[in-house]
Amino acid sequence: HDSMEFIETLIDGLKEDCNRVKGKKPYVERKDADGRPDEQVALEAANDFLLRNDSRVDDMFVGMVKSTTVCSQCQHESVVFEPFLSVKVPLTNP
């Protein structure tokens, strides 16, 4: 657990040091799918990500994950694509 946090912190620091986006980074609001096709929403999210983060480290380590949330009260479904740096997989003994 601690080693994973160390690696994420190290990679995140490298991402910032190698970032080709210089100066003040623009504020980018995460947009909901609102019924649009996943391909369109994912491309928009990736382009928005690149407005703030653009490095070789991002090219190698960052991915996008689809996140779907459903309201238990009104059943509204929110779909967004979010960047991730690592995937945590639980390991169990055989």
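The questions and answers below concern a predicted model of one protein chain.

Reader: Which element of the protein chain has the highest mean pLDDT?
Author: Across the protein chain the mean pLDDT is 90, and 99% of the residues reach 70 or more. Among the elements, α1 has the lowest mean, at 89. The highest mean, 94, belongs to α2.

Reader: How far does helix α2 reach from its first C-alpha to its last?
Author: Helix α2 covers residues 38–52, which makes 15 residues. At 1.5 Å a residue, the expected reach is 21 Å. The value in the model is close to that, at 22 Å.

Reader: Why do the buried residues of α2 line one face of the helix?
Author: The buried residues of α2 are Val41, Ala45, Asp48 and Phe49. Seen down the axis of α2, they line one face because their directions fall within an arc of 105 degrees.

Reader: Which residues are exposed on the other side of α2?
Author: The buried residues of α2, among them Val41 and Phe49, have cover from other elements. That cover includes α1 (2–18), α3 (56–61), β1 (63–70) and β2 (77–84). On the other side of α2, the exposed residues are Glu39 and Leu43.

Reader: Is Asn53 buried or exposed?
Author: Asn53 lies in the loop between α2 and α3. Leaving aside residues up to four places away in sequence, Asn53 touches Lys15, Glu16, Asn19, Val21 and Asp58. Its relative accessibility is 13%, and buried means under 20%, so Asn53 counts as buried.

Reader: How many bridges join β1 to β2?
Author: The strands β1 and β2 run antiparallel. Across the pair, Gly63 stands opposite Phe84 in β2, and Thr68 stands opposite Val79 in β2. The number of bridges joining β1 to β2 is 8.

Reader: Which residue in the turn of the hairpin has a positive phi?
Author: The hairpin is formed by β1 and β2, with 6 residues between them. Most residues other than glycine have a negative phi.

Reader: Is Gln75 buried or exposed?
Author: The place of Gln75 is in the loop between β1 and β2. Its relative accessible area is 53%, and the cut-off for exposed is over 50%, so Gln75 is exposed.

Reader: What is the phi of Asp34?
Author: Asp34 is found in the loop between α1 and α2. With a relative accessible area of 62%, Asp34 is exposed. Although Asp34 is not a glycine, its phi is positive, at about 50 degrees.

Reader: How many disulfides does a search of the whole structure find?
Author: Cys74 is in no disulfide, as the nearest cysteine sulfur, that of Cys71, is 3.7 Å away. For the whole structure, the search finds 0.

Reader: Is Cys18 exposed or partly exposed?
Author: Exposed means over 50% relative accessible area, buried means under 20%, and partly exposed is in between. Cys74, at 54%, is therefore exposed. Cys18 has a relative accessibility of 40%, so Cys18 counts as partly exposed.

Reader: What distance separates the C-alpha atoms of Met60 and Glu5?
Author: Met60 lies in helix α3, and at 56% relative accessibility it counts as exposed. Along the chain, Met60 and Glu5 are 55 residues apart. Their C-alpha atoms are separated by 18 Å.

Reader: What distance separates the C-alpha atoms of Leu91 and Gln75?
Author: Leu91 lies in the segment after β2, and Leu91 is exposed, with a relative accessible area of 80%. Leu91 and Gln75 are 16 residues apart along the chain. The separation of their C-alpha atoms is 34 Å.

How values were computed
Residues are numbered from 1 along each chain as its sequence is written. This is a predicted model: local features need pLDDT of at least 70, side-chain atom pairs count only at pLDDT 80 or more; totals for chains, interfaces and linings use all residues. Side-chain values use heavy atoms; hydrogens and water are left out. Helices (H or I, at least four residues) and strands (E, at least two) are DSSP runs, numbered from the N terminus. The expected span of a helix is 1.5 Å times one less than its number of residues. Buried means under 20% relative accessible area, exposed over 50%, partly exposed in between (1.4 Å probe, protein chains only). The arc is that of the directions from the helix axis to the C-beta atoms. Contact means heavy atoms within 4.5 Å. pLDDT is the predictor's confidence in each residue, from 0 to 100. A disulfide is a pair of cysteine sulfur atoms within 2.5 Å. Two strands pair if DSSP finds at least two bridges between them.
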